[in-house]
Amino acid sequence: MNDAVADLRPVVEARNVSKIFLTGTHEVKALDSVSLTAVRGECLAIVGESGSGKTTFANMLLGIYPPSTGEFFLDGELLPARRTLPLRRSIQFVQQNPLSSLNPRRMVGASLRLALNVHEIGDRPGRKARIGALLEEVGLPADFAHRYPSALSGGQRQRVAIARALACEPEVLVLDEPTSALDVLVQARVLKLLDELRQRRNLTYVFITHDLGVVRNIADRVAVFERGRLVEQAPTETIFEQPANAYTRSLIGAIPVITDDEEALRRKVMEETSAG
Amino acid sequence: MNDYLLDIRDLKLAFKNYAGLVEVLHGISLNVRRGEKVALVGESGSGKSVTARIILGLLQELKSARISGSVHFEGQDLEALALRTRLALRGTKISMIFQDPTSSLNPVYTIGVQFNEVLRRGNPDISERDAEARAVALLKDVSIPEPERVLVSYPFQLSGGMNQRVMIAMALANEPSLLIADEPGTALDVTVQAQTLHLMRDLVERRGTSVLFISHNLGVVREFADRVYVIYKGRLVEHGETAELFHRPRHPYTRALMAAVPRITGGGIPTISETDAGFTDPMIDHGVAS
Amino acid sequence: MSPVVRLLVKRLSISIIVLIGVSMLIFTIARVIPGDPARIALGPNATTEQVEQLREKLHLNEPIWIQYGYFVRDFSRGDLGVSLYTNRPVTTDIAQFLPATLELVIVAGIFMIGFGIPLGIASARYRGKAADNIIRVVSLLGVSAPSFVWAVILMLLFAFFLPLFPIAGQISDTLTVPPRITGFLLVDSLLAGDIPAFLSAAHHIILPAFALALSGIGQAARLTRSNMVETYDKPYIEMAQSYGFPARRIANRYAFRPSLIPSLTIIGLDFAAMLGNAFLVEAVYAWPGLSRYGVQVILRKDLNAIVGTVLVISATFLIVNIIVDLLIAYINPRIRLAERGRP
Amino acid sequence: MRRTLSILLSNPLSVIGLILVGTVVFSAVFADLIAPFPSHRGAVVDFTNFNQPPHWPNIFGTDLVGRDVFSRILYAYRISLLLGVVVLAIAVPIGVTVGLAAGYLGGWAEFILMRLTDVFLSIPPLVLAMSVMGVLEPTLTNGMLAVTTMWWPWYARLVYNVTRSEAQEGYVLAAEIIGASRLHIMFREILPNCVPSIVTKMTLDLGFVILIASSLSFLGLGVQAPTPDLGSMVAEGGNYLPDSWWLTVFPSLAILIAVFGFNLLGDALRQVLGSDQ
């Protein structure tokens, strides 16, 4: 009973978060007082096009730079601008391009070991076994620890990047377009892995993407960003069946689809636009 | 001879490096009729982009490339043509649209200067004034609101979608009979991509331009193409009219590819087997109704 | 304020900071001399009082920052002190010797750009072919020897064995030197309408300038080539090729101009190297420039003259760099026009 | 490593570079064994055989006091290479640290360090080395000091540029998100990615140190007599052109060959290691 109540408490919360960038002489409002929450074990998708502020939001949640105004909370505690090691450990990150996110001159094992060393997870001899276990958890053989990223395929690299994030044993995983650099077959496999990991480890996902097809099948809730503003948030089903916002509808209407059912859904959504 | 505008037969390509030969295309045959929009769809590294470059003769300039097979365009064997004649086709009879519009336009010249050069390819004697008028008209065709302003701009001053329109306008400027589009709009936002694709489709349909459309995105292909070739690791695996192929995919690779695309109607993340069993099966041709 | 003006102001202020840094650095170097510069200047026969007088005059008994303060005060009045070697104001000495050096360096710079860049373009256009390999080896040879080696080799070949050019000097002894206006002999002779003097000066400058330019030519060719080869991989080159523009046009127009942007900065640095290397060439060809003066003042530990000479050379270099930055701004529209704000 | 070597050996120019560098290094190391007149490295006078054109056993001729030019060139190589190795051993760590710190830390550290680097870079290399050399006694150690002073800023600038672009890479961000220290990120993450550029530049620079050192001694600001030095040999011989051509031509060619060899090798490494700057 208590557990269930605890689970509905937000793990991550953003309160009135704004970000203003200075470019040369003028200010650009990249994010305009966004408030959002994600509860434990949930996958919250943040959807938008370039310039929507979705990446800015993720970067501030990760502590890469602080918000201009507003606050982020983790488990009800205010996240400071300078993150302590335990806070860093709690919120981890998977980037879009695994080719860039893995150091080409360090072996896979060294990249994973860094996380274990920094956070002093396990004793020194135990770390080797832990690295092997992490690799196996993401579906790679343990001996991949001795490979360089250049010897891996795109999908394998992204699995390593996921394993590295998991090595910190985080509560929250920020995923920034984690599959958009991958081919569609590989994408499906990696998405499957992410979905399983979330359930197994009771992780909270903040899933940044422009791909609504992916969102439909992995997210519990969707937040739609447009030019720095949060224009709609709702459970996934609602977003796709009854989108309230015109921009959301135009996004759905623009998706290239491959089946007649999808086309029917798209047409329905677009008709509501012209009717509304 | 046949009535194909573009007819590729048993095209093979290999690259020579210090370790030996790496085969990229294992003999592909495909064709495009006049006024037809044909897609070549496949994952990265499948050999779809190199095919486009061979048609234009861009790869032939590489010392490391080994090419065999034939490419006929308007009934002429391109390989048999003198280099000069072949060069003359580029930008006039055949033109190409590239993946990333902003980095495909030269950063140090204005759109106007670059447009002028393209028009001069088609008509070397065109006057400065006529060229500008023609550029303005062409930019209007691709729904660019202030063509005069765009002409004096540099690519970095324009949005990706705007540059994409400029590139389409340039590609169609000399009224080519074949347009090769290599992953058009992949670098753009979905809404912008959808707009520019519709625009491009309308323009080529109105002008009767044939298109060879190269993409990894099944959804885009389904919306754009009349006919589809699926390519996997340098081999064509399935071919058919778009509706037929999407309704009844038969090759194991095509089926896996389609199953892997997450649907906006839901249904969960598809389970894709970790093995690639059957992907190298022989090609399945649905044939084309005439 | 236009972006170019803003750039100019920014560059100028950074250059002034750097120049202040140079003055402090060279001042420090000049003051850590082991031994007493006053004693060295006056020679072993001077009395202790004379030495002490000179030390007082040069503020050598004060702490170094006070000395630097005097230096800044004098410098702001355009006074670099008196050379202990020539007993003349350092500014007078520099005004006398600098023009000949600058003339040599400018002509060499013209050679560097005029030969180096076209070689680099050709090399990039025919990359992988025989012409490319030849140009690459030749330009590598160019950068593989110090200027004095080239000076000696060119002199042996084209002044002694094939006596095409004079061996030394700035102008033929039999001619009267035209009145000094700018100090640049080529310019002064033209201003005086003295064509024979101009031709003789031109004849004299070719060999030393070429010796000085050779490594610069090689460097410019290599740089142009490597930046252009990089540019050839850009999508806009492929697009230009897809339109069937001729290879020469693609090289000279589509690939060259964007690749010039990164090349220019380094070419500016090479110009600086030439200011230094001019010392070597001048020594071989008995060129009446700053070289002999510079070496002499360094050997004699002539503080004011060392600081003055180095400062003037550095300032020249910084001016060249500002010119290079403006050229880059002219070529690169991103700098010329303010960039659009990024989200 | 094997791949690197096999690519190197497949290119004739790289092979020539390897041979030239091998020859220069070999003759410097084994000068005592190769040189026909080892004692001529010092202040030997032989007025029975002075200023002679090439002949056996003085294949490069003899100088004005009768010393074997060939032997002296071998010993000059030894000193030049020693100088090059020492200069780089000091200059590279300094320059790399400055460049890494400026490029990764940014802000004030970047401003101060890079302006400091600019100060050194805005004095022509030779003039800076001359000034340092001029105020010090002309010994080998001071020569090293003078050349080091002008050399480290080039590494600072190189590493700064590479660091700036590497810092944009995702792996740096990933390490930051994990919480790795700045020192770890600079030296364990970014530095390994600078190594190809650094190694390439060091190879080229072994040649260029020889070049600059010989220039200094050509102006009389380098190693002093009787120690053999290529630059001073050219300078001395220059006064006896064109009659005693061997006094200048052979030391000149010796410089050219050594620097050319290192340049060829450095160029080949640049291509193989993909560190085109």
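In which loop of chain D does D:Pro242 lie? D:Pro242 is placed in the loop between H10 and H11 of chain D, where helices (H or I, at least four residues) and strands (E, at least two) are DSSP runs numbered from the N terminus. The model is predicted, so that local features need pLDDT of at least 70 and side-chain atom pairs count only at pLDDT 80 or more, while totals for chains, interfaces and linings use all residues. Residues are numbered from 1 along each chain as its sequence is written, chains are lettered from A and ligands numbered from 1 in the order in which they are written, and side-chain values use heavy atoms, with hydrogens and water left out.

Chain D contains 11 helices and zero strands. Its C-alpha trace spans about 75 × 45 × 30 Å along the principal axes. Most residues other than glycine have a negative phi, and most peptide bonds are trans.

The interface of chain D with chain C was examined next. The contact (heavy atoms within 4.5 Å) takes 48 residues from chain D and 47 residues from chain C. The size of an interface is often given as the accessible area lost when the parts come together. Between them, chain D and chain C bury about 4100 Å², of which 79% is on carbon and sulfur atoms; buried area is the accessible area (1.4 Å probe) that two parts lose on being put together, summed over both. One salt bridge, defined as a side-chain nitrogen of Lys or Arg within 4 Å of a carboxyl oxygen of Asp or Glu, is found across this interface. It pairs D:Asp267 with C:Arg222, and the closest N and O atoms are 2.9 Å apart. Three residue pairs, both residues at pLDDT 80 or more, are in polar contact across the interface of chain D and chain C. A polar contact is a pair of N or O atoms within 3.5 Å; within protein, one must be able to donate a hydrogen and the other to accept it, and residues adjacent in sequence count only if both atoms are side-chain atoms.

On the side of chain D that touches chain C, the elements giving two or more residues include helix H9 (182–218), helix H10 (230–238) and helix H11 (246–273) of chain D. H11(D) provides the largest share, 12 residues. The residues on this side divide into 30 nonpolar, 11 polar and seven charged, with Ala, Val, Leu, Ile, Met, Phe, Trp, Tyr, Cys and Pro counted as nonpolar, Asp, Glu, Lys and Arg as charged, and the others, Gly among them, as polar.

In chain A, six strands form an open sheet with mixed pairing, in the order E6-E7-E8-E3-E9-E10; two strands pair if DSSP finds at least two bridges between them. Strand E6 (91–94) and strand E10 (229–235) of chain A stand at the edges with a single partner strand each, so one side of each is left without a neighbour in the sheet. The twist averages 20 degrees from one strand to the next, with axes being lines fitted to C-alpha atoms, for helices over the stretch in contact, and angles running from 0 to 180 degrees between N-to-C directions. Strand E3 (residues 43–47) and strand E9 (residues 221–226) of chain A run parallel and are joined by four bridges, and A:Ile46 stands opposite A:Ala223 in E9(A). H2(A) packs on this sheet, and its direction makes about 145 degrees with that of E8(A). Helix H11 (residues 246–254) of chain A touches E3, E9 and E10 of chain A, at about 100 degrees to E9(A).

A further open sheet of chain A has four strands in the order E2-E1-E4-E5, with antiparallel pairing. Its edge strands are strand E2 (26–39) and strand E5 (77–78) of chain A. Helix H2 (residues 54–61) of chain A lies across strand E1 (10–23), E2 and E4 of chain A, at about 115 degrees to E1(A). A:Asn16, found in strand E1 of chain A, has a positive phi of about 50 degrees although it is not a glycine.

In chain B, E1(B) and E2(B) form a hairpin with two residues between them. These strands pair in the antiparallel sense over 11 bridges. Over all chains, the count comes to 54 salt bridges. Among them, B:Glu223 pairs with A:Arg266, the closest N and O atoms being 2.6 Å apart.
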